[in-house]
Amino acid sequence: MHTSPRYRNDFFEGPYHEFWQQRRAAGTSIALHPHEDREDGSSLYDDLDHLEKVIDMSMTSAVSANISFDIFRSGGFSFHPNLPALLRNVGLAVDCSAAPGQRDISRAMDWPATQVSAIGEGERVIAEIPLGWNGSGTAFEQDYLYNEKQDLEGLKRVWDYILKQSEASRIPRAVNFLTHAFGLVDPHWREQAIRFLDWACRHGGALVNAEGALRMMSLTTLSEKQSTLPIYAGR
C-alpha cells in the first residue's frame, strides 16, 4: 500500500479499505510501502525519526481501517540500518526493499551485490526478500525481475539464473517480482506480468505470500545447518 506524503491517508479510506480487506480475506499479503522523498530528489530514509513517525502513523491508520500489514517495502529501494528494529517493533518480520548491487547514497540505497536473505541483528533480524537478480550487472532493464523495465524474454533469463543458483545450492530462494499498479492497468505490462508469472510457475517457481516466504526462510536456515536435509530448491 503506497503511503507517500501525497497519499498518506487516501488508501486507508473508502473505497480502498474495502479492497484491502477483500485481499486479506483471500490470503493476500499487504505491504506497507512509504515513499519518502525530499523536493531535491534525495530520500528521507536517512532520517530515522521521520521513518519511525511514518511507520507508527501508518500502522495506527491500518488498525483503524481494519487492515493489517505483513510486509514492508521501502520507496525506491531506500533503507536505513536501524529500520529492521523499527519493523520488528510494530510486528513486521518480512521486508522487500533490497535491490542487490544498487547503490546511490543520496537515495539512502547501498545494497551489497549478493543475495540478501536476512537483515538486522539479534532479535531484530527480519527476513529479506530481494528483487530477483541475475547476479551480474546492475541495470534494471536487463538484470532484475522488474516488469516495467524488462521484456518477457529478459525476465525469463533472470529467472533461469535464479533457478539455476537455487538448484545448485539445494537451498530454496525467495525473490521479489516487481510490478507497479500503473503497469497492471496497462494492457501490455499486465499481460507481460501474467505471462511471466505463469512461465515461472511452470519452471520451478511458486507464488507465496508473506507466511509462505517466512516458511521458506526457515527451511533455508535449516538447510544451511543440516546439509543432508532434503530440500528441493525452487520447486
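Begin by selecting Ala31, which stands opposite Ile71 in β2. This is a predicted model, in which local features need pLDDT of at least 70 and side-chain atom pairs count only at pLDDT 80 or more, while totals for chains, interfaces and linings use all residues. Residues are numbered from 1 along each chain as its sequence is written, and side-chain values use heavy atoms, with hydrogens and water left out.

Next, show the open sheet of five strands, whose order is β1-β2-β3-β7-β6 with mixed pairing. At its edges stand β1 (31-32) and β6 (118-119), each with a single partner strand, so one side of each is left without a neighbour in the sheet.

Then select Phe79, His80, Pro81, Ala108 and Asp110, which are the closest to the centre of the second largest pocket among its 13 lining residues. On a 1 Å grid over the protein atoms alone, a pocket is an open set of points where a 1.4 Å probe fits, with protein on both sides within 12 Å along at least five of seven lines, and lining residues have an atom within 4 Å of a point.

Finally, colour the chain by pLDDT, the predictor's confidence in each residue from 0 to 100: the mean is 86, and 92% of residues reach 70 or more. Over residues 221-235, however, the pLDDT is below 50.

Conventions. Contact = heavy atoms within 4.5 Å. Pairing = 2+ DSSP bridges. Helix = DSSP H or I, 4+ residues; strand = E, 2+ residues; numbered from the N terminus.
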